[in-house]
Amino acid sequence: YVYAAHPSGAFLASTTLGSSLYLLVCYLFTSNHELAFRLAECCVSDTPLSPEEAQLWALLSDFEDDYEPGSHAVRLKLWLATRNGAELHCPWEVREQLPLYLAKLAYIAADCQLSAAEEMLILRAVGDESMPGAANRLAFLETALRAESADNASADAANPFGGRVSEGGGATLQCRYPKPPKPMVSESDNFDTRLEHTHLLEGIIDKITDKIRGNAWQTRMGSLTYTRPEPEKDKNTGNTHDPSGLAAMGLLTQWMQQGVKLDSDHKGFWLLYELFTGSLNVRILMDDSSHNFGAILLRVAGKSGADELLPLMRLLELDPQFAQEFPKYKHVKKGGFSVFKGKAGKGMPEEVGVFLRERLQFFRQGMVFNPPSLYRPPIEVRMLPMRELRHLHRTWLTPHLLDRDRPTWSVPANFRDTIAPS
């Protein structure tokens, strides 16, 4: 094929469907999705394809393993261009490409993005309740355009010379949320209900001696073994510290995948106790909280017959500051070496019991603890006009909707400060 080069040298001009399809295949083969996107509108025919054109169109199916963000935009653009023609049928499912396009939108170049009108057309054609995010995306686009229309109308009414003064838009987005996932702890366990911790102070009377010999949670706590996570060694100083960074990420992944059980040796009650009280400071980032990791692991932990320990675990989870005051876990040391495996430090159940008897009776409302309030997302969100969204977010800077007739363009102040600090 012979192509005429534009005087600017920026692109080639194709004159026939065959030459356009061949150039489109070349662009896709070299992953030049921006030029392929621009050429897609030229690949249209309402007459039967020649054998040559049919062969070139069939080659598009060879790029089905291309999952680059721009490739989904090109496929959707081709579907829009050929959807009303009887001769060209796209060799891919639009219902599969649309969710991928939406998921990767932030990584798609501005020259390769669908306009809001094009995106809305596809969403209305193939989007439904079963497609993740489709309903919210359509509502978002419709509300943003409606906000821009309202903003233009109010500005035109206030300014007879046609000036535009934005006042934050004039539309509200009705938010729709997916169904929440099922909790790991069943509703029958009443994990998040109001709890009274009076029984944490009640002892068990020995049937033989008629003396108080502690209570169920202390007895269960004293029977558990514990293998503490190995500390991380600093390569430069040789000092040891609790796992952090990649090592902490590996540990947390392992705990989540293998499961946490309260009576487990490696991943059980004493691991959660250390995370809650801060004696084991596992963190991925510098400002991470080991208490938060303990709360997450408690939610996915199996009781494994250790029901007696759940009230104590909930008490530690409900109040991070109170948890920090609990007695710290003590591991046994022999001859200067730490023995990380074995029964918990001698006297820990008794020490925790004494602490609770001293503190719980003066804590909050007696010994009644209410569960934390659940987060409720907003139902309505004030929507900015599309014009302001494009100004604030790069992903909305779609060239199809830019006014190319304007002689000058203003540069955002934050961008000016970046390239030329004052």
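Two residues are taken to be in contact when heavy atoms of the two lie within 4.5 Å. By this criterion, in the predicted model described here, His33 is in contact with Leu28, Asp66, Glu68, Gly70, Ser71, Val74 and Cys112, its neighbours within four places in sequence being left aside. His33 is located in helix α2, which covers residues 33-39. Its relative accessibility is 6%, and because the limit for a buried residue is set at under 20% relative accessible area, His33 counts as buried.

Over the chain as a whole, 16 helices and twelve strands are assigned, and buried residues account for 38% of the 422 residues. When contacts between residues at least 6 apart in sequence are considered, 68% of them join residues that are at least 24 apart.

Helix α4, formed by residues 69-82, contains 14 residues and spans 21 Å from its first C-alpha to its last, a value close to the 20 Å expected at 1.5 Å a residue. This helix is mostly covered, since 13 of its 14 residues are buried. Arg75 has its place in α4 and, with a relative accessible area of 7%, is buried. Once residues up to four places away in sequence are excluded, Arg75 touches Phe63, Glu64, Asp66, Trp92 and Gln97.

On the α4 side the contact involves Leu76, Lys77, Trp79 and Leu80, which meet Glu118, Leu121, Ile122 and Ala125 in α6. By class, the residues of this contact divide into six nonpolar, no polar and two charged.

A further partner of α6 (residues 116-126) is helix α5 (residues 94-103), and these two helices pack at an angle of about 135°, with their axes 11 Å apart. This angle makes α5 oblique to α6, and α5 passes α6 in a left-handed crossing. The contact is made by Val94, Arg95, Leu98, Tyr101 and Leu102 of α5, together with Glu119, Ile122, Leu123 and Val126 of α6. Seven of the residues in the contact of α5 with α6 are nonpolar, none is polar and two are charged.

Elsewhere in the chain, helix α11 (residues 290-299) and helix α12 (residues 310-318) pack at an angle of about 140°, and their axes are 10 Å apart. It follows that α11 is oblique to α12, and the crossing of these two helices is left-handed. From α11, the residues His291, Ala295, Leu298 and Arg299 meet Met313, Leu316 and Glu317 in α12. In terms of residue class, the contact of α11 with α12 comprises four nonpolar, one polar and two charged residues.

Terms used: Residues are numbered from 1 along each chain as its sequence is written. This is a predicted model: local features need pLDDT of at least 70, side-chain atom pairs count only at pLDDT 80 or more; totals for chains, interfaces and linings use all residues. Side-chain values use heavy atoms; hydrogens and water are left out. Helices (H or I, at least four residues) and strands (E, at least two) are DSSP runs, numbered from the N terminus. The expected span of a helix is 1.5 Å times one less than its number of residues. Buried means under 20% relative accessible area, exposed over 50%, partly exposed in between (1.4 Å probe, protein chains only). Axes are lines fitted to C-alpha atoms, for helices over the stretch in contact, and angles run from 0 to 180 degrees between N-to-C directions. Angles under 35 degrees count as roughly parallel, over 145 as roughly antiparallel, 65 to 115 as roughly perpendicular and the rest as oblique. A crossing is left-handed if the near helix is turned anticlockwise from the far one by less than a right angle, and right-handed if clockwise. Ala, Val, Leu, Ile, Met, Phe, Trp, Tyr, Cys and Pro count as nonpolar, Asp, Glu, Lys and Arg as charged, and the others, Gly among them, as polar.
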